[in-house]
Amino acid sequence: MKKRVLSGIRATGKLHLGNYLGAVKGMLELQDSPEYETLYMVADVHTITTPYNVDELRKYRKEVVIDYLSCGLDPEKSILFLQADVNEHLELAFLFSSVATIARMQHLPTYKDKVKQYPKDNTMALLNYPVLMAADILIYKADLVPVGIDQEPHLEVAREIARKMNEKYKTDFPEPKRFETKGQYVPSLKGEGKMSKSVEGSYVNLTDSQDEVLKKIRSMPTSSKAGGEMSPDVKSLFDLAKLFLSNISDFEKKFKDGSLQFSQMKDELAAKISEELKPLQEKRKEIEKDQAHVDKVIKEGTEKARAIASETVLEVKQKMGLG
Ligand code: TYM
């Protein structure tokens, strides 16, 4: 039997370069491997774990599917669906919550960051985020999860839940591993931290025009002068450039000998980013014209996902004494 792959992206907005390089590139690579059956969802239920706008969620859950298709995810090869349409994820998450302790969940860096960001919205849903993510993955008994490095703590929780369930209830969940891409950590455009949808000015959207990309890259801070020590913001620029420019070592040499012109490097980087985004943007325009096709992809994907998910939930309920 083929091994399974599961991944997802929250419906918090249009996809950005971090999502693309850290997750979607890995999703594409595995979709083309004959060894794997690939399932890719929109994590719309995870979107409600932090404050959100109802109309935007309604819009973006479909927009992310359109982004997936524009990037080359192919419904002939991958099962594409919306998490909320497969109720079984929520059911399994509740069953899993019986082996997940509050202390362990409170300890996670991702949880602490969100509580800091939204101190008034420290909800049960937020605390349960990793448990639901474990259910997303383990409901398909997936071995491999293409996600960025920031998701590693969540994968550790999924492995712990798999182990506990297997020990206690004799289930056969695999311990899922992260599938790494070259862009597993895409830096922010603001000079520190990672590119993130929740930090305004930190990201390039996949739909940004050539002018928008150029403007954003030109505005990246570069506080150290060429020739000296590399400041963190200059390091961020180089880390981003490494993902796009094949002649990066020339720029590094120039930085060291003091002859680097940041403006030239930024313009080359922006041009390369736009070159990579152009085919996706053209494909997006075509897909947007055929909304009925997108709806059909989602409907068919949901049916396939549910067929697998319902079997797992039935098995777990039986083993837990609930059926
Ligand atoms: P989300 O929407 O926060 O992120 C989606 C994916 O994009 C990756 N990513 C990045 N990768 C590299 N550099 C960056 N700057 C960057 N920013 C974001 C994230 O690592 C992620 O792969 N919890 C998931 C959603 C989810 C999920 C799942 C994923 C829910 N259930 C089951 C896999 C399996 C998340 O972080 O979404």
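The crossing of helices α11 and α13 is left-handed. This description refers to a predicted model. Helix α11 comprises residues 232–242 and helix α13 residues 262–289; the two pack at an angle of about 35 degrees, and their axes lie 11 Å apart. On the side of α11, the contact is formed by Val234, Leu237, Phe238, Leu240 and Ala241. On the side of α13, Phe262, Met265, Lys266 and Leu269 take part. Sorted by class, the residues of this contact comprise eight nonpolar and one charged, with no polar residue among them.

Attention may now turn to the ligand. A total of 28 residues surround the ligand, and the closest are Arg10, Tyr129, Asp136, Asp150 and Gln151. In the side chain of aspartate 136, an N or O atom is 2.7 Å from a nitrogen atom of the ligand. In the side chain of aspartate 150, an N or O atom is 2.5 Å from an oxygen atom of the ligand. The backbone contributes as well: a polar backbone atom of glycine 148 is 2.8 Å from an oxygen atom of the ligand.

How much of the ligand's accessible area does the protein cover? On its own, the ligand has 710 Å² of accessible area, of which the protein covers 98%. Among the contributions, that of β1 is the largest, at five residues. By class, the shell consists of 13 nonpolar, 11 polar and four charged residues.

Definitions and conventions
Residues are numbered from 1 along each chain as its sequence is written. This is a predicted model: local features need pLDDT of at least 70, side-chain atom pairs count only at pLDDT 80 or more; totals for chains, interfaces and linings use all residues. Side-chain values use heavy atoms; hydrogens and water are left out. A residue is near a molecule or strand if one of its heavy atoms lies within 4 Å of it. A polar contact is a pair of N or O atoms within 3.5 Å; within protein, one must be able to donate a hydrogen and the other to accept it, and residues adjacent in sequence count only if both atoms are side-chain atoms. Accessible areas come from the Shrake-Rupley method with a 1.4 Å probe; for residues, only the protein chains shown count as cover. Helices (H or I, at least four residues) and strands (E, at least two) are DSSP runs, numbered from the N terminus. Ala, Val, Leu, Ile, Met, Phe, Trp, Tyr, Cys and Pro count as nonpolar, Asp, Glu, Lys and Arg as charged, and the others, Gly among them, as polar. Axes are lines fitted to C-alpha atoms, for helices over the stretch in contact, and angles run from 0 to 180 degrees between N-to-C directions. A crossing is left-handed if the near helix is turned anticlockwise from the far one by less than a right angle, and right-handed if clockwise. Contact means heavy atoms within 4.5 Å.
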